[in-house]
Amino acid sequence: MAHESHTKTLPADLSAPAFVDGWRMRAIMVGGIFSVVAALLAFADGSLNHFMRAWVLGLLLTFGWSVGGLALLMVQYCSGGKWGLLLRRPLEAMSRTLPLVFAYWVVVAIQMKRLYLWAAVTDVTAALNSGFINEAQAHCIEFKRAMLNPFAFVWVSVLCFAIWGYYTWRLNTLAVRRDQESPDTTPFWIKKLENISGPGIVIYSLTMTAAVIYWVMSMDVTWFSSVYGLLFLVGQGYSVLALSILVAISLSKAEPFKTIMRQTEQHDLGKMTFAFVMLNIYLGFSQFLIIWSGNLPGEISWYLDRIRGHWGIVITLDFIFHWLVPFSMLLSRDIKRNKKRLVRVCQWMIFAKAFDLWWLIEPNFRDSARNLHFSWGMLEYIAVPVAMVSFWVAYFSMQLKTRPLVQTNDPHLAEILEPEHAQA
Amino acid sequence: MPAREGTYGLIAEFDNPSDLVRAAKQARHDGWRRMDCYTPYPVEEAAEAINFHRNKVPLITLIGALMGLAAMFSLETWINVLAYPLNIGGRPLYSWPAFIVPAYEWTILWAGLSACFGMLALNGLPSLYHPLFNAPNFRDGATTDKFFLCLEALDPKFDLESAKAYLQTFQPLSVVEVEY
């Protein structure tokens with residue numbers, strides 16, 4: 001019997017299924033409702049402080065998907081692999097959400113003084129004398145002034161956005177041109193996109209590190225960690241893979257993903273996600289172990305702010321949510337190959353990422369460090385990120401609709417249409 | 001094990017994995033249970049087709065991993081707290097964060113060793129003889145480019161003539177009777 005007889009054929013219509021519009025409508029509705037909730041909570045709390053802190057959480061989540069999606073797109077151009085063909089268009093759509101992420105960031109830049117001590121304090125001596133900051137903070141604000149000042153914050157971030165924007169534009173336009181050309185141009189395109197993506201990954205690591213140092217790490221002026229950028233880099237891989245699997249499996253309910261989504265690639269993506277779950281805890285724990293072993297007053301206080309005063313409960317839960325649950329689930333081969341269950345794990349991972357960011361952000365501030373307590377503002381950590389993520393999802397769905405969901409000018413396409421037992 | 005005599009089974013030889021998987025699926029559907037697939041490289045779908053999915057290797061690996069974890073963590077606790085207490089920079093004797101790394105390494109080591117040796121043991125290795133090697137085409141093909149489906153004589157449905165005719169319906173390259 002001829003081998004070719006089992007090969008599937010690609011449907012004629014490769015555009016995104018109609019239910020993606022439904023995602024958009026639902027996301028806009030959820031976003032609207034939670035925006036109102038967030039506004040009410042800000043009134044109940046009587047200040048915008050917590051609103052802005054939660055805003056940073058939402059910014060980091062959506063930034064992780066947008067720029068992390070761009071990074072994964074570049075990684076798969078360099079690494080190859082059939083999973084890459086599957087995810088290419090969803091990842092491109094994620095990378096094209098960058099304008100929305102930029103808009104989110106602009107709000108942070110405007111409200112800088114609420115979030116960053118180095119922006120709020122212009123006269124260090126006066127602030128020290130009034131007891132607003134302690135001596136260590138005063139020293140660090142003065143010493144780091146060259147780097148941590150509003151002007152540098154803005155220009156570094158804008159430069160980073162410009163670089164990511166360039167790569168987004170370049171990879172997205174070339175991908176469209178690639179599909180318009182004949183299949184014999186494939187080797188040229190593979191090389192071309194590889195050559196852009198290779199340096200792009202290095203530049204992404206540097207710019208992403210700079211961005212998270214300014215946006216998150218500098219909330220505590222006294223503390224620094226050299227693994228911080230890498231921690232976020234792996235964290236982005238963690239959340240981007242979770243979201244990509246979620247999107248791919250949801251799209252597979254209809255054509256064209258119904259045809260191209262195979263269990264093999266789903267399993268591969270599950271394994272890769274598992275690797276990121278491991279790497280994530282590996283880096284997070286190494287940072288803790290090194291600082292704990294050193295036990296130096298300059299460093300350990302960052303952890304003490306996040307352990308004492310009932311924050312210890314949160315970090316214990318974070319360990320369980322962020323690592324133990326996805327790790328145990330993804331160990332199982334059956335769960336990785338089961339669509340419904342893998343979706344549940346991925347949804348959980350996105351929640352766990354948000355939970356982890358909450359633990360990372362909130363104890364930076366004096367009212368919460370070593371003092372976990374309830375206030376109406378604390379609920380902003382649910383309302384604001386849900387609203388921001390919903391609007392992001394709406395934007396993402398819109399972008400997903402703009403082009404066919406399958407890259408056709410790619411040698412992997414023939415392979416992905418083969419039955420699953422046809423390759424080693 | 002006493003020496004067995006007679007027919008071990010029938011092997012059908014296929015040119016590609018797709019035909020093998022289809023034949024195996026059909027045979028399972030038609031009620032065959034004592035059968036096996038032999039391929040030159042892992043074909044997961046063939047294993048699934050004959051429902052050879054469940055084995056005890058994951059469980060053995062998990063148990064090994066937990067044993068490694070428990071062993072190293074208790075060893076470190078015992079050394080540092082009871083056997084040889086040392087004041088290291090004023091830290092508590094029971095400094096669990098420092099114990100995690102070796103405990104983790106042992107978890108991985110024991111998981112790996114358990115998986116490897118558990119797999120060998122469950123495979124019945126080391127075994128010096130297998131009747132299938134009596135078939136000349138199996139000797140040549142199974143490690144290079146041929147795919148085999150074996151219906152074993154132990155299956156209650158097995159009858160030499162009808163089984164042979166049954167395998168022929170899949171249009172294999174050949175059907176060979178294998179002796180013990």
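Predicted model: local features only at pLDDT ≥ 70, side-chain atom pairs only at ≥ 80, totals over all residues.
Which residue, with a positive phi near 50 degrees, follows helix 13 of chain A? Residues are numbered from 1 along each chain as its sequence is written, while chains are lettered from A and ligands numbered from 1 in the order in which they are written.

View 1. Helix 13 covers residues 263-294 of chain A; helices (H or I, at least four residues) and strands (E, at least two) are DSSP runs, numbered from the N terminus. Its 32 residues reach 46 Å from first C-alpha to last, close to the 46 Å expected, where the expected span is 1.5 Å times one less than the number of residues. The residue that follows is A:Asn295, and its phi is positive, near 50 degrees.

**View 2. The buried residues of helix 13.** Among the buried residues of this chain A helix are A:Leu269, A:Phe276 and A:Val277. Buried means 20 or more other C-beta atoms within 10 Å of the residue's own, exposed means 12 or fewer, and partly exposed lies in between, with C-beta atoms placed from the backbone. Their cover includes helix 3 (82-95), helix 11 (228-251) and helix 17 (339-361) of chain A.

**View 3. The open sheet of chain B.** Here 4 strands line up in the order 2-3-1-4, with antiparallel pairing; two strands pair if DSSP finds at least two bridges between them. Strand 2 (35-38) and strand 4 (174-179) of chain B stand at the edges with a single partner strand each, so one side of each has no neighbour in the sheet. Strand 1 (residues 7-14) of chain B is joined to strand 4 by 6 bridges, and B:Leu10 stands opposite B:Glu177 in strand 4 of chain B.

**View 4. Two helices across the sheet.** Helix 1 (residues 17-29) of chain B lies across strand 1, strand 2 and strand 3 (147-152), at about 20 degrees to strand 3. Helix 6 (residues 160-168) of chain B lies across strand 1, strand 3 and strand 4, at about 10 degrees to strand 1. Axes are lines fitted to C-alpha atoms, for helices over the stretch in contact, and angles run from 0 to 180 degrees between N-to-C directions; contact means C-beta atoms, placed from the backbone, within 7 Å.

**View 5. Confidence in chain A.** The average pLDDT, the predictor's confidence in each residue from 0 to 100, is 92 for chain A, and 98% of the residues score at least 70.
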